[in-house]
Each structure stands twice: as structure tokens, then as C-alpha cells.
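Visitor: I am new to reading protein structures. Could you walk me through one, feature by feature?
Guide: Gladly! Let us look at it together.

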Amino acid sequence: MSFRDENEDGRSDSHLKKPFLHTGSWYRMGSRQSSMMNSSQMIRDRSVSVLACVLIVALGPIQFGFTGGYSSPTQAAITRDLKLTVSEFSVFGSLSNVGAMVGAIASGQIAEYIGRKGSLMIAAIPNIIGWLCISFANETSFLYMGRLLEGFGVGIISYTVPVYIAEIAPQNMRGGLGSVTQLSVSIGIMLAYLLGLFANWRILAIMGTLPCLILIPALFFIPESPRWLAKMGMTDDFEASLQVLRGFDTDITVEVNEIKRAVASSNRRAAIRFADLKQRRYWFPLMIGIGLLVLQQISGINGVLFYASNIFQSAGISNSDAATLALGATQVIATGVATWLVDKTGRRILLTVSSVGMTLSLVVVAVSFFVKEFVEESSSLYTAMGILSVVGVVGMVIGFSLGMGPIPWVIMSEILPVNIKGLAGSIATLGNWFTSWVITMTAPLLLAWSGGGTFTLYMLLCVATVAFVFIWVPETKGKSLEEIQFSMR
């Protein structure tokens, strides 16, 4: 039954109203004469309604990216003002990953118990407090505490936003809308680089509070995930949420029945035991979700970005900050292209093109580093190899942004079964953040050992990614979440 039919049958005559946070409801259709109807006219088209929701929750990933990009333009100023050593600032930079690992552990259960919107509100609070701690810090303790709190919030955001988008999006738009998560992260990083060129590090930290300060009130104006509402037994709220997302004039009967069947099937099963994970319906999506999110980081993207400014300098680019900003802009554009392509070409094709492109780019970087070890710095060949390494780094970032950046999060949110999504999603997100921390901590040591050797190692890991995608990753384009999860059995 559609939401409109319920009105015509006369079974609901309440006014359109906003929910309390714990109910997860949003608007209920009242009488046709309701004064709220005109204000809801703009969301009758499903794409406008869903897009509005995605743009609001995308503030979370923008915060995520801003946190990641903050340390790069502020390193010199923070080190000077607070008299930090290089190791103390390195600890500051890495603490966001530590906090994110803690947030990742908690993210699945928080999102399951209080909903997707509620978990985003919870994530926003430590982010705001963390930025304020950094802005007013006069010693390392406040600086470190702020970074940990930011990381905790980002860990929750990194799981919840892709899941929320996957659960509200129509199947023909889900890939593109899901890729908005990584696009927003890239925008956040670029904003941190850009604003860092002009703003003091304390002012920049204050600016970091803005995405979450806007996100909290905005969450009251979007619907909760209909699939979460259905799982929690809130049938009326579930149908109301889905109707708003699809448009008031759309018949949602088929989609409602699909979701109800999936939830009923999930609820009939007993609590998952460790032995149950031997069943293909569980171990296969778990392996793919965790594998893709680990391979996303183990390909060495953070190591490449860490060394990008040095590579630019060796190529004779004097303003490495401007070059890093240009690299961030390139990442945004490439991720935008992936967002546009993913529902046209499919996930597997983009993942394959991405990982192959990263492999070839890393071959270029590795060769240039090896050659530079055997030629004089004053030679033209040394300069040429420096330029070649820049080409390789740009190619690596473009390749990453076209597939391995956005799509692992999309697939993770699509394939995990409903009854283990919270726990499995937490594990996959934790794996991603732990691998990110390992790469970030080991990159300086590996690069000090051998630049060419480091990029060769990353290249081999990208080859492993190509094989993983080719052998294991299924195509999910054009399928409903229920169809995807049924195909895993």
C-alpha cells in the first residue's frame, strides 16, 4: 500500500509533523489541505528528496576530510607556537586514526540501537568539542585530546554515512549517491589545504566545527533510514519515511514488500554464532567488505600523499603547498567523475580500471626513484625523473579516486546481511582505519629505507587488489539491497 492510499482510505488524519529523535519518524501525511503541503512540494520528485538527504549527511564526510587534511598546512605553525618536537607533532597527526579505530568499533552497534541519524548526531558532538580543544590548546594534552575526539567522531561517520545512503537510495542511483561519501571526504581535504593557506591554525580549527554545527539541526529535517525503521518494527514510520524518499505520488508497494520480506527472514534466524560464519551468506560478504576496505588503504595511498610535497620539490616545483592543493583539487574532480560513472559502468569495471591504473602509476614512480639513485642531481635525467615521479603520483591519485577511493564503501554498505550489518560493518571499518594507521606510521620509515623499494611494495599490493576484484567482487549495479544479499547465499 502506498502512503497516498492510506490517506485516501481515511486511516490517517494527523498533521505532518517532525519526530522525536528516538522514534526515527519524519513526516506523516496529513490531510490534503495541510498547510505543510506547499512546503513539501519541492521534495515530491524522489531524486530531489534523496539528493537533499545525501547532501545533508555529506557534511559528515566533509568533516572527515577536513580532519585528515588539517595537519598538513598547520604543521609549521603548531610546531612553532606550542614548541613541539617532530615526534610530538607526528603523535598529534596519528591520534585521529587511533580515535577513529575506537569509533569504528562502536559505530555499528550505535547505528543499530539508536538509528543512523542518531549515531550521526552522537558523532558530531565529539568532533565539535575536539576542534574547540585544538583551537584553545596551549599544551600537548589539549591538542592530543582534541585529535582523539575528532577521530572518534570520524570513525562513526565513516561507517554510518555510507550505510544510510545505501539504505535510502533507489537502486538505480545508489552507486552514484554512495560515491558522494568519498567525494565529500576529498572536498574536506581540499578545503583544509585551501583555507590553511590563509587562516591561522586556531582559526582553521574553529572553521572545522562548522560542518557538524550545520549537520546537527539539519538531521531533524530528513527521514530516518526506512530499512532501519522496518528492522526495529516501526512499520508506520518505515512506510512514511520510504514514501517521502520516493515521492508522495509514487506507489511504494513493491519496495515495501521486499523490505518486509527481508526483515522477516532476518528476524526468523536465531542470534548469529561464530560457527554460523562458515555459511557462505555470511563469510562471503564479510570477506569482500573487509578485503576491499583493507586493500583500499594497503595500496599505499596515504604513503604516496605523505611524500607528495617532497616529490614536488624534487621535480623543481618551488611552492609545494600550492601543488598539494592542486593535487587535492584533482582528487575531487576524479572522484566526481567516478560518482557520475558508477551507476553507468558498474562497480567491478571501475574497481578494475582504478587498481590497474594505480599499479601502472606506481611502476612509474618506483622506476623514477630507482633511476634517480644512480644519476647525478645536476643531470637533466635526474630532473626528468623528478617530473616523471610527479606524473606517477598524479596518476596514482586519479586512479584511486576513480574506484578504490569511493567504491569499497559503497559495496560494504550494499552486501552485508541485515542481521550482521552492525557488527560486520564495525569490523570492516576498524580494518580500514587500522590499515590506514599502519601505512601512515610505516611510510616515513619505508621511504627512508628506499623510495623505489617502497613504491614497488605498494605496486605489488595493487596487483593483489586487481586479482581480488577480478576473482571475488560481484557486480551490484542495478540491484536492490535485498536482491544483492539474497545472491550471496
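Visitor: Let me start with one residue. Which helix does Ser-135 lie in?
Guide: Keep in mind that this is a predicted model. Ser-135 belongs to helix H5, which covers residues 86–135.

Visitor: Is Ser-135 buried or exposed?
Guide: The idea is to look at relative accessibility, where buried means under 20%. Ser-135 has 6%, so Ser-135 counts as buried. Leaving aside residues up to four places away in sequence, Ser-135 touches Arg-202, Ala-205 and Ile-206.

Visitor: What is the secondary structure of the whole chain?
Guide: There are 22 helices and 0 strands. The chain has 489 residues, and 56% of them count as buried.

Visitor: How do I read the contacts in the chain?
Guide: Ask how far apart the partners are in sequence. Taking contacts between residues at least 6 apart, 80% join residues at least 24 apart.

Visitor: Which residues have the most contacts inside the largest nonpolar core?
Guide: A core like this is a set of buried nonpolar residues joined through their side chains. Here the largest one has 41 residues, and those with the most contacts inside it include Leu-292, Leu-351 and Ile-411. Helix H17 (residues 347–372) gives the most to this core, with 7 residues. Take Leu-351 as a case to explore: apart from residues up to four places away in sequence, its contacts include Leu-292, Met-404, Ile-411 and Val-473. There is also a second, separate core of 26 residues, with Cys-53, Val-54, Tyr-164 and Leu-245 among them.

Visitor: You mentioned a cysteine. How many disulfides does a search of the whole structure find?
Guide: A disulfide is a covalent bond between the sulfur atoms of two cysteines. In this structure the search finds 0. As for where the cysteines sit, Cys-53 is buried with a relative accessible area of 2%, and Cys-462 is buried with 1%.

Visitor: Now the outside. Which residues form a nonpolar patch on the surface?
Guide: Leu-191, Leu-194, Leu-197 and Phe-198 do, and together they have about 370 Å² of accessible area. One of them, Leu-191, is in helix H7 (residues 174–196). With 30% relative accessibility, Leu-191 counts as partly exposed, because that class runs between the 20% and 50% cut-offs.

Terms used. Residues are numbered from 1 along each chain as its sequence is written. This is a predicted model: local features need pLDDT of at least 70, side-chain atom pairs count only at pLDDT 80 or more; totals for chains, interfaces and linings use all residues. Side-chain values use heavy atoms; hydrogens and water are left out. A disulfide is a pair of cysteine sulfur atoms within 2.5 Å. Buried means under 20% relative accessible area, exposed over 50%, partly exposed in between (1.4 Å probe, protein chains only). Helices (H or I, at least four residues) and strands (E, at least two) are DSSP runs, numbered from the N terminus. Contact means heavy atoms within 4.5 Å. A nonpolar core is a set of buried Ala, Val, Leu, Ile, Met, Phe, Trp, Tyr and Cys residues joined through side-chain atoms within 4.5 Å. Patches are made of residues with over 30% relative accessible area and no salt bridge: like charges are joined within 9 Å, nonpolar side chains (Val, Leu, Ile, Met, Phe, Trp, Tyr) within 5 Å. Accessible areas come from the Shrake-Rupley method with a 1.4 Å probe; for residues, only the protein chains shown count as cover. A salt bridge is a side-chain nitrogen of Lys or Arg within 4 Å of a carboxyl oxygen of Asp or Glu.
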